[in-house]
Amino acid sequence: MPKPQPIDYADASPDVRAVYDDIKTSRKVEDVNNFWKYLANDPVLLRRTWTSVKEVMTPGALDQLTKELIYVAVSVTNGCGYCIASHSAAAARAGMTDAMFGELMSVVGMANETNRLANGYRVPIDPAFEK
């Protein structure tokens with residue numbers, strides 16, 4: 001199978017262009033980033049993913065910075081370099097400082113370590129933690 005190639009706006013179908021236009025308007029950017037250009041190889045996937053991301057990442061009970069920090073933490077844990085870069089940049093635009101990033105990485109590292117220890121030892125959940 002050949003490696004998928006990005007779909008630029010000029011080469012996009014009308015359905016893909018509509019999603020690109022919504023991304024550009026919503027994010028106030030001149031062009032969509034590579035993630036979206038690769039997903040455009042499957043226009044249904046592109047639309048579904050953009051709709052979900054737009055809904056989930058809109059500020060609500062959690063503010064924009066908190067959501068971006070969570071996204072960075074999960075991306076680090078999952079080893080997604082693209083998402084780490086993209087959402088670190090978004091977090092920085094939302095107010096993340098270098099000190100905040102450092103603390104975030106400390107928490108991510110500690111959580112991964114203690115999660116593995118708890119799983120490895122098969123530690124039962126304390127009754128006080130059950131609801």
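# Helix packing and a few residues worth a look

Leu 65, Glu 68, Leu 69, Tyr 71, Val 72, Ser 75 and Val 76 of helix 4 pack up against Cys 83, Ile 84, His 87, Ser 88, Ala 90 and Ala 91 of helix 5. Sorted by class, that contact between helix 4 and helix 5 holds 9 nonpolar, 3 polar and 1 charged residues. Keep in mind that this is a predicted model.

**Helix 4 against helix 5**

- Helix 4 covers residues 64–78 and helix 5 covers residues 81–93; their axes come within 9 Å and cross at roughly 160 degrees.
- Angles over 145 degrees count as roughly antiparallel, so helix 4 and helix 5 are roughly antiparallel to each other.
- As for handedness, helix 4 goes past helix 5 in a left-handed crossing.

**Two residues from that contact**

- His 87 sits in helix 5, and with a relative accessible area of 10% it is buried, the cut-off being under 20%.
- The His 87 side chain has a polar partner: it makes a polar contact with the side chain of Glu 68, at 2.6 Å.
- Ser 75 is in contact with Cys 80, Cys 83 and Ile 84, once its neighbours within four places in sequence are left out.

**Helix 1 against helix 3**

- Helix 1 (residues 14–27) packs with helix 3 (residues 43–57) at an angle of about 20 degrees, and their axes are 9 Å apart.
- Angles under 35 degrees count as roughly parallel, and that makes helix 1 roughly parallel to helix 3.
- Helix 1 and helix 3 also have a left-handed crossing.
- From helix 1, the residues making the contact are Asp 15, Val 16, Ala 18, Val 19, Tyr 20, Asp 22, Ile 23, Ser 26 and Arg 27; from helix 3, they are Pro 43, Leu 46, Arg 47, Trp 50, Val 53 and Lys 54.
- The class tally for helix 1 with helix 3 comes to 9 nonpolar, 1 polar and 5 charged residues.

**Gln 5, ahead of helix 1**

- Gln 5 lies in the segment before helix 1 and counts as partly exposed, at 47% relative accessibility.
- Along the chain, Gln 5 and Asn 41 are 36 residues apart, yet their C-alpha atoms are separated by 7.8 Å.
- Not counting residues up to four places away in sequence, Gln 5 touches Lys 37, Tyr 38 and Asn 41.

**Positive phi without a glycine**

- Lys 28 isn't a glycine, but it has a positive phi of about 55 degrees. You'll find Lys 28 in the loop between helix 1 and helix 2 (34–39), where it counts as exposed at 74% relative accessibility.
- Arg 122, not a glycine either, has a positive phi of about 50 degrees. Arg 122 belongs to the segment after helix 6 (98–121) and is exposed, with a relative accessible area of 72%.

Terms used: Residues numbered from 1 in each chain as written. Predicted model: local features only at pLDDT ≥ 70, side-chain atom pairs only at ≥ 80, totals over all residues. Heavy atoms only, no water. Axes fitted to C-alpha atoms, helices over the stretch in contact; angles between N-to-C directions. Helix = DSSP H or I, 4+ residues; strand = E, 2+ residues; numbered from the N terminus. Parallel < 35°, antiparallel > 145°, perpendicular 65-115°, else oblique. Left-handed = near helix turned anticlockwise from the far one by under 90°. Contact = heavy atoms within 4.5 Å. Nonpolar A, V, L, I, M, F, W, Y, C, P; charged D, E, K, R; others polar. Buried < 20%, exposed > 50% of the residue type's maximum accessible area, 1.4 Å probe, protein only. Polar contact = N/O pair within 3.5 Å; in protein donor to acceptor, adjacent residues only side chain to side chain.
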